[in-house]
Amino acid sequence: MEYTELIADLGREMGLELDGSGGACGFMADETEIILQDAGDMLLIRSDLGLIPEDAAGHLLNTLLDANYLYQGTGGSSFARNPADGHLHLQHYNWLERLDGKKLLALIEKFAGTCSRWSSILDDWEAREGDDPEARDSQIGDTGSSRMSKESTVSSGGTAGAGNAVPPAYDPFSSLAV
């Protein structure tokens with residue numbers, strides 16, 4: 001399936017009119033901005049999670065890297081830092097030929113849940129900015145997940161802006177639990 005066909009099929013599944021004709025399409029899934037970008041034979045799903053807190057160079061960045069390991073804390077996605085603005089992004093690539101609107105919707109729901117979980121962790125980190133770093137590290141906890149609804153806000157257009165299943169053998173959030 002071609003990118004524009006996939007976006008149209010997703011829109012039908014969501015009950016929304018989505019336009020992927022410009023190579024990118026964006027919409028809100030609960031409080032998470034989702035960008036779907038044409039990547040040739042692949043689809044890139046990404047979300048900007050905001051700035052990495054300045055004092056996060058230690059424990060939080062290690063936790064993000066641990067979550068990337070075998071994708072166990074990212075629901076199959078990976079973290080990256082945008083060097084242009086310092087923002088943390090969660091991103092997921094998938095082959096277009098493997099997707100249809102229904103499969104993509106399920107993937108986006110899982111992805112949005114993972115984004116919501118990590119956004120809450122980053123928000124918790126920011127809220128504890130004045131705390132002792134070791135005390136703050138031990139206070140960050142699991143935040144659950146979000147679900148996408150047909151009431152999601154949609155803004156689609158030509159250009160994009162600048163499932164939390166964790167196997168029981170490894171839980172990168174365990175170091176963040178209360």
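This is a predicted model: local features need pLDDT of at least 70, side-chain atom pairs count only at pLDDT 80 or more; totals for chains, interfaces and linings use all residues.
**View 1. Cysteine 115 is a buried residue.** Let's start with cysteine 115, whose relative accessible area comes out at 0%.

View 2. If the word is new to you, a disulfide is a covalent bond between the sulfur atoms of two cysteines.

**View 3. Phenylalanine 79 and tryptophan 118 form an aromatic pair.** The structure holds one such pair. The ring centres of phenylalanine 79 and tryptophan 118 sit 5.0 Å apart, and because their planes are at 80 degrees, the pair is called edge-to-face. Planes over 60 degrees apart get that name. Where in the chain do the two partners come from? Phenylalanine 79 belongs to strand β4 (residues 78–81), while tryptophan 118 is part of helix α3 (residues 101–127). They are 39 residues apart, so to speak a link between distant parts of the chain. Both phenylalanine 79 and tryptophan 118 are buried.

**View 4. Aspartate 9 sits in helix α1.** That helix covers residues 3–14. Is aspartate 9 buried or exposed? With a relative accessible area of 17%, aspartate 9 is buried, because the cut-off for that word is under 20%. Which residues does aspartate 9 touch, if you skip its neighbours within four places in sequence? Aspartate 9 is in contact with Met1, Asp100 and Gly101.

Notes. Residues are numbered from 1 along each chain as its sequence is written. Side-chain values use heavy atoms; hydrogens and water are left out. Helices (H or I, at least four residues) and strands (E, at least two) are DSSP runs, numbered from the N terminus. Buried means under 20% relative accessible area, exposed over 50%, partly exposed in between (1.4 Å probe, protein chains only). Contact means heavy atoms within 4.5 Å. Rings of Phe, Tyr and Trp (its six-membered ring) pair if their centres lie within 6.5 Å; planes under 30 degrees apart count as stacked, over 60 as edge-to-face and the rest as tilted.
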